[in-house]
Structure formats: C-alpha cells, structure tokens
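Hi,

Here is the structure I promised to pass on.

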Amino acid sequence: MSADNGSDAGLVCFGRMTASVSHEFKNHLATIREKAGLLTDLLTLAARGREVDFERLAGIAADIQQRTADADAVVKRLNAFAHSTDHPLAEVPVDESVELTLNLYARLAAMRGVSFDPQGDAGVVVSTRPFLLMQLLLACLDAVMDSVEDGAQVTVTTRATQEGAEIVFSAGGGGQASQMAELLDALSATAVAEAGSGLVLRLPKNV
C-alpha cells in the first residue's frame, strides 16, 4: 500500500465512521431535547396548579438519563476509534477491536435491519497496526453487507490460532476490493470465503 493511497483511504474510512457516529449522536440529542421540552411543559403546568402525573415525570426523567448514557457510549466509541491512530504498531486485543468495529458499524447495518452477534475467545492479542486493523474489519463488514439479505443476523466469531487469530463472519466473501487487498498485504493477513463458514479473516501474531 503506497503512503498516499493508504493515507487517503484512512481519511475516507475515518470520515465515513465519524459521519455515521455523529448522526447517531445527534439522534440521541434530539430525543433528549424533545423529552426535556416535554418535562418543562409538565412542570410549568404543575407550577400553575394543574395536576401532573408524577409517574409520567419520572418516566421522562428516566428516558433522558438513558439517552444521555447512550450518547456517552457513542462518544466513547468514537474516542476509542480515534485513539487507534495513536500508535503505528501495538498489542491489540482482537475481540475488543471486533466489538468496537461492530458497534461503530451498527447504525449502517441497522438501516437494512442487519444485526451482528459477536462470539468466541476473549483476550486474543496480536501485535499489529491498530487503525489498519479497524479499516480491514470495516472492509470485511462491507463485504458481508454485500452478501446478506435485509434483516439478516451475522455471527462474528473470534478465535485464537497457533499463527495468531482468526475472525469468522458467518456470511460474506465474493471478490476482494482493491482496498481490502492492500490492507491484507499491509497486515500480513488473509481473507477467504470458505464454504459452510463464510468470510474468514486470519491475522498473524506479529506483523
């Protein structure tokens, strides 16, 4: 992967995920604003002597708290994604990278009713390039989305291997886009479509 092409592709990937996450964050803010407005209206009525259902007030307050927590989780995911660029090479827990990638991609998948079910081994660590790994996982998810029907559930299984780690997507495959091929080369990884398994991504212990 040339420096220029790799940099451009990284910016495109980062921009795409940032746009998706910011839309998700704005949706949470819109709901919080709506609920806060309703709460204000009800409290104004109560101040004027109107009877107000306090269970309803408590429910609205609980909704605001939940949406605030959800928005905080969205920001934390974006922050973790941004920090994947901190070190060119690092020890990376593969299952955590997979979980973060699935969460980042969830909104895009939900637009087609597709969901992901992460499974497998925890604590599988490889020495790799964190941001490029995220890019590769996102490229794999794109390949998966190209191969599944709307409403599908895709299992994503992380396993330790003698050589390093493998990530099995229960769907996906087809031709590799040039960008995926470049990422595979940069990470000394392989991705193959296996009958009965789906798309299998294999990572070495050390790049």
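Two bits of housekeeping first. This is a predicted model, so to speak: local features need pLDDT of at least 70, side-chain atom pairs count only at pLDDT 80 or more, and totals for chains, interfaces and linings use all residues. Residues are numbered from 1 along each chain as its sequence is written, and side-chain values use heavy atoms, with hydrogens and water left out.

Let's begin with helix α3 (residues 94–110) and helix α4 (residues 130–147). Their axes come within 10 Å and cross at roughly 45 degrees. That makes α3 oblique to α4. For the angle words, under 35 degrees counts as roughly parallel, over 145 as roughly antiparallel, 65 to 115 as roughly perpendicular, and the rest as oblique. The axes are lines fitted to C-alpha atoms, for helices over the stretch in contact, and the angles run from 0 to 180 degrees between N-to-C directions. This crossing of α3 and α4 is right-handed; that word applies if the near helix is turned clockwise from the far one by less than a right angle, and left-handed if anticlockwise.

Which residues of α3 and α4 make the contact (heavy atoms within 4.5 Å)? On the α3 side they are Ser97, Val98, Leu100, Thr101, Leu102, Leu104, Tyr105, Leu108 and Ala109, and on the α4 side Leu133, Met134, Leu137, Leu138, Leu141, Asp142 and Met145. By class, that is 13 nonpolar, two polar and one charged residues. Ala, Val, Leu, Ile, Met, Phe, Trp, Tyr, Cys and Pro count as nonpolar, Asp, Glu, Lys and Arg as charged, and the others, Gly among them, as polar.

Is α4 enclosed or open? 15 of its 18 residues are buried, so α4 is largely enclosed by the rest of the structure. Buried means under 20% relative accessible area, exposed over 50%, and partly exposed in between (1.4 Å probe, protein chains only).

Now for α3's other partner, helix α2 (residues 54–83). The axes of α2 and α3 come within 10 Å and cross at roughly 125 degrees, which makes α2 oblique to α3. This crossing is left-handed. Here Arg77, Ala80 and Phe81 in α2 meet Leu100, Asn103 and Leu104 in α3, a set that divides into four nonpolar, one polar and one charged.

Leu104 turns up in both contacts, with α4 and with α2. Leu104 counts as buried, at 1% relative accessibility. Leaving aside neighbours within four places in sequence, Leu104 is in contact with Met17, Ser20, Val21, Arg77, Phe81 and Met134. Leu104 and Ala73 are 31 residues apart in sequence and 11 Å apart in space, C-alpha to C-alpha.

Past α3, look at Arg112, in the loop between α3 and β2 (115–120). Arg112 counts as partly exposed, at 29% relative accessibility. Not counting residues up to four places away in sequence, Arg112 touches Met145, Val148, Glu149, Asp150 and Gly151.

Finally, find Ser188 in the loop between α5 (178–186) and β6 (190–194). Most residues other than glycine have a negative phi. Ser188 is not a glycine, yet has a positive phi of about 55 degrees. At 47% relative accessibility, Ser188 counts as partly exposed.

Cheers

Methods
Helix = DSSP H or I, 4+ residues; strand = E, 2+ residues; numbered from the N terminus. Contact = heavy atoms within 4.5 Å.
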